[in-house]
Structure formats: structure tokens, C-alpha cells
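Here is a short briefing on how two parts of one protein meet. Please have a look at the model first, then read on.

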Amino acid sequence: MNKYDYIIFDLDNTLLDFSLSEKYALNKLLTKYGVIPNEENVNVYKEINQKLWDQLEQGKIKKETLLENRFKLFFQSCGVVVDGTKADDEYRSFLEERTDTIEGAHEVLEYLKDKGYKLVVGTNGIGRTQRVRLKNNDMKKYFDAVFISEEIGFDKPDVRFFDHLLNSLNITETSQVLMVGDSLSSDILGAYRSGISSVWYNKKHDIKKEFVNYNYDEILILKDLLDKL
């Protein structure tokens, strides 16, 4: 008998290889606007983007502000004027062209599905982009439900994201639920605040935080980890 009934999976850099897809999309976008997609410029973008995501997770800005400004601010730093919203839409279109997954993800999802777990997606992001990527990566078939922050109106780690998910699935006991994700600040912290146990994809072997229940550094380990619970 499984210890948990539901497993919530984050998508980016948990099941889908966002880092690889991002590299491709940034290369195409920067090239289109005449900016060399070298390491220095990419790092400038990532710094701007991360600051905005941090502010979003802290509730200081709205998702629309992030999407409108991350490329606007980046290209401004390069001396290029762009429509920030248009550039962001182009970037996400490039992301949607990719089918990059974490190696072993399909194997793990199929195994857990066969074991009787109810699998759920719980991801921050844009609805259209995340759903297209799920479909293109042939992962939609594994999941009983998909919850995306843009469609819900709240981003992880906001407990309202998790409340919406739990209420939609008629889950009254959080002890039935396990969250799997790579981000301490959104996936794991949000689960902790919501009374949900978590498994942290700790691929960099960082120090385990006190609010982390379990961690792993390679996705195939999830099979044995869950079997032993």
C-alpha cells in the first residue's frame, strides 16, 4: 500500500529540462534582436529574470509585470528597445518548439502510475506554454489533473495555489499528498506552508533544509525512495 495517494509534480527542471529549452529559446530570441547570445549576455538576462521571479514569489509584483518587463529591461541594458510583452511571447513560442525532458522522467511517471498513484502537475508558468510543452513531450497521459499558476491566479509558494489544488481534487487530508520539485523557494516551501510533505530534487547537493522531508539527486531514485516509504 502506498504511503501517499497523490503526487504533485513540478514541471520545469523536475520533469522537463527547462535549462536546455531555455538555452535554445534565448539563443533564437537574442539573435532575432541583434544581441549576441554569449554567456555574459545570457547571465545578465538570467539575473534580471531571477530578481523578478523572486519578487513574484514574495508577492511584490504580478505575473504580468514580470512578463512585460524581463525582456524589456534586459534589451534596454543592451541598448535595444523592444516591446517587452511581444518579446516574451516570442520567447515562449521558441520554448514550445522543444521537447527536452529530464532523462528517466517518462520511466518514473509510468512506474508510479502503474503503482496506483494519482499524479498531478503543479507548476508556475503560463498556461498555454506549459500545456503545449506537456503535450509535445507526451507527458499529459500520466496526469489526472494539471494546475498552472497563471490559470489559478496564484503562484507557488502561495498557499492559495495549493489550497486551490486540494479543493479541486476534493482532498481533505494533506497527509495523502506529496510534492516533488526542484525549487526550495516555491515547490518545497509552498508545500511545507500548506502541510504537504515534499521531495526535493537536490541535483546540486545543497544542504538539506529543515522543512524538506526527502531529497534525491537523480530522478530514477524516486522509484526506490517511494517504494520504501
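**Where the two domains meet**

Three salt bridges cross the interface of domain 1 and domain 2, a salt bridge being a side-chain nitrogen of Lys or Arg within 4 Å of a carboxyl oxygen of Asp or Glu. The model is predicted, so local features need pLDDT of at least 70 and side-chain atom pairs count only at pLDDT 80 or more, while totals for chains, interfaces and linings use all residues. Residues are numbered from 1 along each chain as its sequence is written, and side-chain values use heavy atoms, with hydrogens and water left out.

**Layout**
- Domain 1 covers 6-16 + 101-228 and domain 2 covers 19-97, with bounds from an automatic or database domain assignment.
- The contact (heavy atoms within 4.5 Å) takes 16 residues from domain 1 and 12 residues from domain 2.
- Taken over C-alpha atoms, the domain centres are 25 Å apart.

**Buried area**
- The two domains bury about 1100 Å² between them, 44% of it on carbon and sulfur atoms; this is the accessible area (1.4 Å probe) that two parts lose on being put together, summed over both.
- Ile126, Arg128 and Asp155 supply 39% of the area that domain 1 buries against domain 2, more than any other three residues.
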